[in-house]
Amino acid sequence: MEYYIGQIFEGKYPPMAAVWCNQNNAYIEKIDGNRYEIKAVPPAPAPTKEEQEQARANAYASEIDPLHARKARKTILGEWTEEDEAEYVAKVKELSAEIAERYPYPTDPIFEEESAQEQSKEGE
Amino acid sequence: MPDIDFGRISESLNEKSDRDLRNVDTTAKADAVIDFQLPTADNGYTWYRKYKSGWVEQGVAQRVTGGGAVSVVLPVPMADANYTILISQNNSDGGGVYFQCQYHTPTATGFTVISQYGSSRTSRPFMWYVCGLSAN
C-alpha cells in the first residue's frame, strides 16, 4: 500500500502507515472521532536569541576555557613562550568565529536592530 | 484399558492454546494476546502486542536516529494521550555532557522525542516503549 501526506484512514490506520511516517518525517493525527490523517512534520522553529546565547556560552566553556586554563598553568610554571601566545590567540579567535557561526543569532529585523544598537554603544 | 496417544493430546492442546482463544474465561482475570507484530526490517523494527482487554504494549527494537526533535508514530493508536512512555538514550561511544532525552506533546497516535547531548546538541540514538489502552 502506498502512503502519502493528506491520506485519511477511517476507523484505524495500518501499522505500516506508522512505519512510513517514521521514515518520511510525517505523523498521524486523529482529526475527529474515528478518522486519522497523515501530515507532514512542520519545520522546527528557529532557536531564539536567548537559546543561541546559552549555546554559545556552553561552547565557550567547553571548547575555549581549557585554552585559558592551559595558558594560566604554563604561565605560572614559567613555560609560556611567545610562540605559545601567538598560537593561543589564533586558536581563541578561530574557535570564537566558529562558535558564532555555529550558533547564529536570529535574522529577525528586531534582533538586527538590537545588534546595531549594541555595536553603536560599543563604538562610543 | 484403551491406548491413549499422549503425544497427539499434547499437540492438540498446544494448537488450541496457540491459536484459539475465544473460549478464554476473562472473568478469571486472565488476558490474552489477540494480535501482535514482531520487529523486522520492513516494519522499521517496531513491534506490538494487543490484548483482548484493550491493553497494548508496543515499542521499537532498533535505535532510532535523527537530529533535534524526532516524531514517533505508534503502530497501534492509543485511546487517548494518557499512556506510559519510556525512552532510553544510547551512549555507546561514551563521553559528552549536558545529556537530554525527553518526550513532549503526546497524542493518541504518537509523540516527539528530543535526544541529544552537549553544547552543540548532537543527536543521540534512542529507543521507545509504550503501553496503555489502545483505540481499537
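Modeller: A residue is called buried under 20% relative accessible area, exposed over 50% and partly exposed in between (1.4 Å probe, protein chains only). By that scale, Glu10(A) is exposed because its relative accessibility is 57%. The model is predicted, so local features need pLDDT of at least 70 and side-chain atom pairs 80 or more, while totals for chains, interfaces and linings use all residues. Residues are numbered from 1 along each chain as written, chains are lettered from A and ligands numbered from 1 in written order, and side-chain values use heavy atoms, without hydrogens and water.

Over all chains there are six salt bridges (a side-chain nitrogen of Lys or Arg within 4 Å of a carboxyl oxygen of Asp or Glu). In one of them Glu10(A) pairs with Arg35(A), with 3.8 Å from N to O. Glu10(A) belongs to strand β1 (residues 8-10) of chain A and Arg35(A) to strand β3 of chain A, so this bridge ties together parts 25 residues apart in sequence. Strands are DSSP runs of E of at least two residues, helices runs of H or I of at least four, numbered from the N terminus. Arg35(A) has a relative accessible area of 27% and is therefore partly exposed.

Arg35(A) also meets Asp32(A) in a salt bridge, at 3.1 Å from N to O. Asp32(A) is partly exposed, at 36% relative accessibility.

Elsewhere in chain A, Lys71(A) and Glu85(A) form a bridge of 3.2 Å, N to O. Here the partners sit in two helices, Lys71(A) in α2 and Glu85(A) in α3 (residues 82-102) of chain A, so the bridge ties together parts 14 residues apart in sequence. Lys71(A) is partly exposed at 23%, and Glu85(A) is partly exposed at 27%. Through shared partners, salt bridges join Glu10(A), Asp32(A) and Arg35(A) into one network.
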